[in-house]
Amino acid sequence: MSEATTPIEVNPLREALPRTRVPEPCTIVLFGATGDLAHRKLVPALFRLAQGGNLPSECAIVGFARRDWTDEALRAEYHKSLAREVGGPDFDELWAQFASRLFFASGTFDDPQAYFKLRQTLEALDRSHGTRGNRVFYLAVAPEFFATIINHLGGADLIYPWQEEHPWSRVVIEKPFGHDLESARALNLEVSHVLDESQVYRIDHYLGKETVQNILALRFGNTIFEPLWDRRYVHSVQVTVAEEVGMAGGRGAYYDTAGTIRDMVQNHMMQLLSLVAMEPPVDLSADAVRNEKVKVLQALPRWTPEDVDRNVVRAQYTAGSIHGAEVPGYRDEKGVAPDSRTDSYVAIRLELNNWRWAGVPFFLRTGKRLPKRATEIALQFRRPPTELFDPESDGQPGTNQLVLRIQPNEGASLSFEAKIPGSRRRLQEVRMDFRYGTAFAVPPPEAYERLLLDVMLGDQSLFTRTDEVQSAWRFITSILDAWNRPGAPAPVEYPAGSWGPHEADALITRDGGRWRRL
Ligand code: BG6
């Protein structure tokens, strides 16, 4: 069926959104300050916050890492990465101011003395930079160091009692939070010996994306969608996170221990699923939102290994080409074992066991080396109960679809049937389209920018809570256990540059649907 596009008229915002959220004075300590995440994401995000006037003027940033750097060396390194990542006409002017807030503390993560020294540095900064004892500790380090660092922070009295409002200390924990249910529980337990849940900020950068936050705005800031948002009207839901990238940047060794199921599904896809399926929260406070999200995760199925075989496809890419460039197969990537069974693609068919969604299939797919980068959520609505118009049905569930485009071309579109002009009663699919780029004059902030600001403001809404993490792991661990059992089916294959294996198509055609073509 052919398609036509009908743009919706929107009111463009003519002025940049007001930036009024300035946090209290504080020091941000970056553990892993010399690493890739700090260079590519965290420091640029802090710089952009400074550019936008969202960093308090009494603020210091302390990089903590093993290397024997000085403040000057750290500044020179960050200058290079900021010039590359951010730049802009006001760069030099802002840099001078930003650089005066940067400091380096050298130490190994398991050396108690390093933390006492760090405390002295922070106390000196409180005096020289007016940071008033407030601290954010950001753990941008390998997961095996999370517990060590948190324990040492506690040991050096760098964590304040949480009951006291001022000064405050908050700890940001990067992913992966555990590698299965048991390790996530053990880590949560260790964390809880030192920190109260109100001091813990577990990052899932998808929650920092403007379009991901807009899922709640679209659902609960309008009345026109929500009445249709359940088993009576929704035929099925597809969540796609497609990536072109393979194992670039030397990620092969890490990835081969994690796989897509841990790297993407346990966190980002479970979050997208929760937001699209949750009940309305009573308000937008962190706990109200997280209470509803966790209920979705608790409604995930309890699968036997045979259920996993029937409902989950795991696959690896073989050599192929993307945009005309030849790329190697997964097992030939640097750092990947030649006989690896790790998944670079996962597709899942699941049903949520709750009142709103019982019987509605949710199809999730994500993979590396797919033809393009695209993240979207599509709600497929049911066909009308009777066919009044000339049937076009090809056995598919109908054309009413609401698609939330998370990235790129951020926006949403609604497709429906319209009568083709003329004497016949024939219909054609048309589409109303909303694009962020057109509707809002300002580009959305980077996910890390928003998340770092929220940590400084003490807003945990966009961070995952213990029970959320554990509920997601419970489901994922049942899949991992099935895959790891003796005699489990081996991963299937798909050529790099294709939309995944045939087995994933079979997963969805069972329900009379097909994967959307993106
Ligand atoms: C990360 C994963 O969390 O998310 C990567 O570790 C993945 O493997 C990345 O490429 C995708 O993030 P984004 O923001 O580019 O969609």
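Author: Start with Phe98. Leaving out residues up to four places away in sequence, Phe98 touches Val43, Leu46, Phe47, Ala50, Leu55, Ile61 and Leu82. Contact means heavy atoms within 4.5 Å. The model is predicted: local features need pLDDT of at least 70, side-chain atom pairs count only at pLDDT 80 or more, and totals for chains, interfaces and linings use all residues. Numbering runs from 1 along each chain as its sequence is written, and side-chain values use heavy atoms, without hydrogens and water.

Phe98 belongs to the largest nonpolar core, which has 134 residues. Phe31, Phe98 and Ile348 touch the most other members. Such a core is a set of buried Ala, Val, Leu, Ile, Met, Phe, Trp, Tyr and Cys residues joined through side-chain atoms within 4.5 Å. Buried means under 20% relative accessible area (1.4 Å probe, protein chains only).

Helix 8 (residues 252-277) gives this core its largest share, 10 residues. Helices are DSSP runs (H or I, at least four residues), numbered from the N terminus. Domain 1 (12-206) and domain 2 (217-385 + 465-509) each supply at least three residues to the core. These bounds come from an automatic or database domain assignment. A second, separate core of 20 residues includes Met247, Tyr345, Ala347 and Ala496.

Now the domains. Their centres, taken over C-alpha atoms, are 31 Å apart. In contact are 14 residues of domain 1 and 18 residues of domain 2.

Notes
Buried means under 20% relative accessible area, exposed over 50%, partly exposed in between (1.4 Å probe, protein chains only). Helices (H or I, at least four residues) and strands (E, at least two) are DSSP runs, numbered from the N terminus.
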